[in-house]
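Good morning, and thank you for coming.

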Amino acid sequence: MTTGYLLQQLINGLVMGSVYALVAVGFSMIYGIVRLINFAHGDVLMVCAFSAFAVLLVFGLPLWAAVLAVLTVGAILAMLIDLVAFRPQRAAPQVNGFITSLGVAILMQNLAVLLLSGQPRPFNLPTWLRTNLDVLGARMTVLEVVTVGLTLAVLAGLLFFVRRTRLGIAMRATAENPTAARLMGVRVNRAISTAFALGGALAGLAGLLWAGRAGQIDPLMGFVPGLKAFVAAVIGGVGSLAGAVLGGYLLGFAEVFFVGLLPPGYGSFRDAFVFGLLILILLVLPNGLLGRPAEERA
Amino acid sequence: MLRLEGLEVWRGPSAVLHGIDLEVGAGEIVALLGANGAGKSTTLLTVSGLLRPRSGRATLSLDGRTLDLARLPADRIVAAGVAHCPEGRQIFGGLSVEENLRIGAFLRRDGGVSEDLEAMGRLFPILRERRRGLAGQLSGGEQMMLAIARALMSRPRLLLLDEPSLGLAPQMVETIFDVIEDIRARGTTVLLVEQNAAMALEIADRGYVLENGRVTLSGPAAELAGDARLREAYLGLAPAEAAP
């Protein structure tokens with residue numbers, strides 16, 4: 001195995017990990033504040049990918065308009081889903097929200113199939129994003145460089161927001177104890193909406209990057225990133241943002257290395273290895289890498 | 001300042017408060033005494049807008065304005081000058097000590113927050129020492145200090161204190177009660193819920209005794225402290241000689 005090959009795999013892992021981290025961080029943030037395993041999160045990504053398709057390929061607008069569109073659509077859609085589906089049953093047992101999120105996910109997928117057809121559509125970003133760059137002997141497209149750079153910048157911004165700003169501290173306080181947060185004058189529903197909006201915007205950005213990488217979009221495309229985000233969040237410790245980022249990158253690297261290091265015939269079984277790794281990690285660290293014990297969180 | 005009239009509050013399927021009348025005047029310390037489950041915390045939660053009365057009135061009169069607490073959202077009640085230091089402290093254990101204090105000032109837009117952080121550091125030096133540490137790692141007494149300081153960070157006119165002595169060592173209880181007197185001396189009105197009636201009546205001006213959701217006894221603290229019925233009332237025991 002040459003160093004060039006190794007570097008190439010590292011880059012691939014970094015790119016995949018970035019997209020997973022973007023989705024996982026929103027997933028984890030939503031879980032942290034309302035204890036909801038939100039399986040509709042991946043479908044927000046799908047809707048955003050279609051929005052980007054409309055902006056870029058139907059209306060022929062420039063890339064920045066697509067970025068703006070996915071961020072806005074993701075934020076508004078996620079807030080709307082919370083308002084309509086999750087908020088009315090906030091006091092209900094946790095499992096109700098989980099089942100509701102499955103229902104919302106299926107509804108969104110079927111609506112998309114109905115309205116947009118189940119046929120995959122080619123999704124081609126502008127050619128300048130698809131040109132190859134030479135990075136120390138390995139190849140990287142401009143899109144991949146942008147994916148990694150944008151993800152790191154966005155995640156750094158998010159961590160700053162959550163750790164340092166007044167609203168970010170209020171969000172963390174709400175996640176820990178909504179009743180006490182209300183006594184401090186925090187409008188809990190507003191803090192929760194903020195979490196959904198941020199998570200949705202990040203999923204939207206991931207949708208654009210994911211679609212650009214895959215080269216096509218379809219109504220069921222949200223399932224895999226949604227599931228992978230769930231896994232990444234669990235590996236990192238659900239509710240921990242830094243954990244979700246770590247989990248996302250770990251998952252990206254694990255996938256790429258299983259494909260790269262296993263004998264050729266085994267490549268298609270990579271998900272079995274990835275999920276096996278998840279089980280192993282959870283056996284050793286039941287709360288994930290950076291998660292806190294459940295009784296402390298509750 | 002605070003006036004509750006015929007306040008009836010339900011929690012789930014059952015009535016907890018069966019129409020209580022209570023008044024707190026500006027500058028007073030008023031003790032609300034009673035056994036577990038008598039409705040003390042429910043009273044405070046209704047004042048801060050987390051519970052809604054089924055009937056009766058809860059009003060706050062400040063600077064010539066009268067606010068209907070039963071209709072105001074919780075954040076507006078905090079903004080109006082009511083701070084609630086809840087039962088069991090309920091500090092944010094995963095946040096740092098300083099973040100806990102800052103969240104106490106969440107609604108304040110004036111520039112005095114840093115100044116008040118300093119003031120809390122003088123009032124409770126241990127909080128200044130631990131300001132970067134996680135609040136969850138403080139001892140029980142230190143967490144109580146943090147909970148009180150967090151409530152004070154909103155610069156309240158009325159402070160609701162729910163069982164500040166709960167689970168603390170006697171010496172710490174002394175310290176906390178000294179602080180409560182100090183808070184009043186600075187002009188903040190205090191409604192103090194306590195099971196430790198003797199200690200509460202030492203610093204209170206007046207007191208109310210709640211029993212099964214009804215006020216069974218009220219009056220000046222000195223009178224209540226000498227009342228033979230008080231011990232029975234706040235232990236929730238029916239007087240032995242009471243006829244059915």
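**Helix packing in chain A**

In chain A, the axes of helix 1, residues 3–34, and helix 9 approach to within 8 Å and cross at roughly 165 degrees. Please keep in mind throughout that this is a predicted model. An angle over 145 degrees counts as roughly antiparallel, and helix 1 and helix 9 of chain A are therefore roughly antiparallel to each other. The crossing of helix 1 of chain A past helix 9 of chain A is left-handed. In the contact between helix 1 and helix 9 of chain A there are 20 nonpolar residues and 3 polar ones, with no charged residues.

In general, two packed helices are described by the angle between their axes and the distance between the axes. Let us apply that description to a second pair.

How do helix 2 and helix 9 of chain A cross? The axes of helix 2, residues 41–58, and helix 9, residues 188–214, both of chain A, come within 7 Å, at a crossing angle of roughly 60 degrees. Helix 2 and helix 9 of chain A are therefore oblique to each other. Helix 2 of chain A passes helix 9 of chain A in a right-handed crossing.

Which residues meet there? From helix 2 of chain A, the residues include A:H41, A:V44, A:L45 and A:M46. Among their partners in helix 9 of chain A are A:G199, A:G200, A:A203 and A:W210. By class, the contact of helix 2 with helix 9 of chain A holds 11 nonpolar and 5 polar residues, and no charged ones.

**Chain A as a whole**

Chain A contains 13 helices and 4 strands. Its radius of gyration is 19 Å, close to the 19 Å that the globule rule gives for 298 residues, so chain A is as compact as a globular protein of that length. Along the principal axes, the C-alpha atoms of chain A fill a box of roughly 60 × 50 × 35 Å. Of the 298 residues in chain A, 49% are buried. Among contacts in chain A with a separation of 6 or more, 75% join residues 24 or more positions apart.

**Where chain A touches chain B**

Finally, I turn to the interface. Here, 15 residues of chain A are in contact with 20 residues of chain B. Helix 7 (166–176) and helix 8 (178–183) of chain A each supply at least two residues of the side of chain A that touches chain B. Helix 7 of chain A gives the most to that side, with 6 residues. The residues on the side of chain A that touches chain B comprise 7 nonpolar, 3 polar and 5 charged.

Technical notes: Residues numbered from 1 in each chain as written. Chains lettered and ligands numbered in written order. Predicted model: local features only at pLDDT ≥ 70, side-chain atom pairs only at ≥ 80, totals over all residues. Contact = placed C-beta atoms within 7 Å. Nonpolar A, V, L, I, M, F, W, Y, C, P; charged D, E, K, R; others polar. Axes fitted to C-alpha atoms, helices over the stretch in contact; angles between N-to-C directions. Parallel < 35°, antiparallel > 145°, perpendicular 65-115°, else oblique. Left-handed = near helix turned anticlockwise from the far one by under 90°. Rg over C-alpha atoms; globule rule 2.2 N^0.38 Å. Buried ≥ 20, exposed ≤ 12 C-beta atoms within 10 Å, placed from the backbone.
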